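Dear colleague,

I am passing on a structure that I have been going through, and I would be glad if you would look at it alongside the notes below.

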Amino acid sequence: MPSVRRSDGRRWLTLTAAAAMTVALAACGSAAGGGKASPTAAKAGGTSLTMWLVTTGPSPANTVINQAVSSFEKSRPGDTITIDFIENQSYKQKIQLAMGAGNPPTIFWTWGGGPLKQFIDAGDVASLGNPGWASDFLPSSLGAVTFNGKLYGVPIEGTQPVYFFYNKTIFSKLHLSFPTTFSGLLAAVSTLKAHGYAPISLANGDQWPGLMYLEYLTDRIGGPGVFSSIELGKAGAWSNPAIIKALADIQQLARAGAFQSGYDSLHYSGGGSDALVYSGKAAIQLMGDWDISQLLGLDKSFVTGDDLGMAAFPSVAGGVGNPSDLAGNTASYVSIASKASPAQKSAAEAFMQTVLASASYAKATVGAGEVPVIKGATDLFAGQQLSSYDQTIYSSVQQAPSFQYSWDQAVPPQEATPMLADLAQVFELSMTPQKFAATMDSQPSGA
């Protein structure tokens, strides 16, 4: 589920000790998690804004945004921003109801993609146009909030690309290097199985982990344009040959025994799929960069002792996709509601420009365990516990020709739900690629 895959998962597990400080530090801004902040009365002539953000509870990242809001308020006497941190599970329904009732917050959290486009099409989101300050962000980070050439949101949290993570000890023992081609991955699967390892750990009881295979294989085979056609709701887009081949390649992995026994019932939460990798029972897992932090919390020595490897998804023979293309969550964003008054829109845009697009905010988010999408962030990782990983992640995002947003967030909910359910059947070998494509082509795209 997309609700699991967000930077809270990464930051929350990275800095467990730091999270304990959040309650004490939260006094400098608004509420530190879950509850609504106590509004501050605006001075005469000032502007009051509300901002809804998603949270999993008190965290260093919540502290960062609280402090940023406090500093913004001090720089603009009379202007106030009241933050409401909302638990992830209830946020989607709450924002839908607020939009439907015509009473949304001034600034609201969004994952971008299809759900944001539905709000845009309904006239609920204010366009930011093409502000010059937006060029401070990495271009690949803005695709999920750019529609018809106009910007409708900006990043508020770090980037979350998906990589293969692997047990370097196992690979060294078997004299294997991580494969750079899909055929090489199949060969590695065979070798790993022959030596008693589960080649790939997969928590497909949640369904969304399997989607990452389809995202990458489709890109490597057909390039980013294949999914762009799906996003645009073009007829027959799901039956593109690249989709069919990607699904067939997934089933080739399943038939080769690439995934551990019970992969269709294992869940990512709780660390079960990670445990298979760091304990040496499985060799590989495809996961977002938040997995580094989860592993750090589960087995610190596995990460800090240089046992954890990270690699790009392999290329596919005959494919036209660039091996440097990425998939995952480009970032988490905030947008401005069209119901906001001109004064509120002006203040909200000022917050985006002077805070969210600033180097100082980027530096603070790095300290909270995130990888920002601001330009020139390379030097910010020095001295951080996960600096070597963060540098690699930042460089790959900076250089990616295409960064494809997670499909279950990029398409509307009415399309995402059957996509995940049917893809699970593809992994279980109970649905053919052709049947999957035909079923998805019959779904309303919402475009």
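How closely do the axes of helix 9 and helix 11 come, and at roughly what angle do they cross? Before the answer, please keep in mind that this is a predicted model, so every value here is computed from predicted coordinates.

On confidence, the protein averages a pLDDT of 89, and 89% of the residues score at least 70. Residues 1-44, however, have a pLDDT below 50, although this stretch has 125 contacts in the model beyond near neighbours in sequence. Where pLDDT is low, the predicted coordinates should not be read in detail.

As for the overall composition, the protein has 20 helices and 13 strands, and 57% of its 447 residues are buried. Of the contacts with a separation of 6 or more, 78% are between residues 24 or more positions apart.

Helix packing

To return to the question, the axes of helix 9 (208-222) and helix 11 (241-255) come within 8 Å and cross at roughly 125°. That angle makes helix 9 oblique to helix 11, and the crossing of the two is right-handed. On the side of helix 9, the residues that take part are Tyr213, Leu214, Leu217, Thr218, Ile221 and Gly222, and they meet Ala242, Ile243, Lys245, Ala246, Leu247, Asp249, Ile250 and Leu253 in helix 11.

Helix 11 also packs with helix 8 (residues 182-194), and here the axes come within 10 Å and cross at roughly 15°. Because angles under 35 degrees count as roughly parallel, helix 8 is roughly parallel to helix 11. Helix 8 contributes Phe182, Leu185, Leu186 and Val189 to this contact, while helix 11 contributes Asp249, Gln252 and Leu253. The crossing in which helix 8 passes helix 11 is right-handed.

Val64, Ile65 and Ala68 in helix 4 meet Tyr361, Ala364 and Thr365 in helix 16.

Leaving aside neighbours within four places in sequence, leucine 192 is in contact with Ile170, Leu174, Leu176, Tyr197, Pro199, Ala283 and Ile284. For one of these, isoleucine 170, which is 22 residues away along the chain, the C-alpha atom is separated from that of leucine 192 by 8.7 Å.

Alanine 187 also has its place in helix 8, but with a relative accessibility of 42% alanine 187 counts as partly exposed.

Helix 20 and two loop residues

In helix 20 (433-441), the residues Pro433, Phe436, Ala437, Thr439 and Met440 are buried. Seen down the axis of helix 20, these buried residues fall within an arc of 165°, so they line one face of the helix. What covers them includes helix 9, helix 11 and helix 19.

Leucine 429 is found in the loop between helix 19 (413-427) and helix 20, where leucine 429 has a positive phi of about 65° although it is not a glycine. Its relative accessible area of 39% makes leucine 429 partly exposed. Glutamine 207, in the loop between strand 8 (198-200) and helix 9, likewise has a positive phi, near 70°, in a residue other than glycine. Glutamine 207 is partly exposed, with a relative accessible area of 27%. Most residues other than glycine have a negative phi.

With kind regards

How values were computed:
Residues are numbered from 1 along each chain as its sequence is written. This is a predicted model: local features need pLDDT of at least 70, side-chain atom pairs count only at pLDDT 80 or more; totals for chains, interfaces and linings use all residues. Side-chain values use heavy atoms; hydrogens and water are left out. Helices (H or I, at least four residues) and strands (E, at least two) are DSSP runs, numbered from the N terminus. Buried means under 20% relative accessible area, exposed over 50%, partly exposed in between (1.4 Å probe, protein chains only). The arc is that of the directions from the helix axis to the C-beta atoms. Contact means heavy atoms within 4.5 Å. pLDDT is the predictor's confidence in each residue, from 0 to 100. Axes are lines fitted to C-alpha atoms, for helices over the stretch in contact, and angles run from 0 to 180 degrees between N-to-C directions. Angles under 35 degrees count as roughly parallel, over 145 as roughly antiparallel, 65 to 115 as roughly perpendicular and the rest as oblique. A crossing is left-handed if the near helix is turned anticlockwise from the far one by less than a right angle, and right-handed if clockwise.
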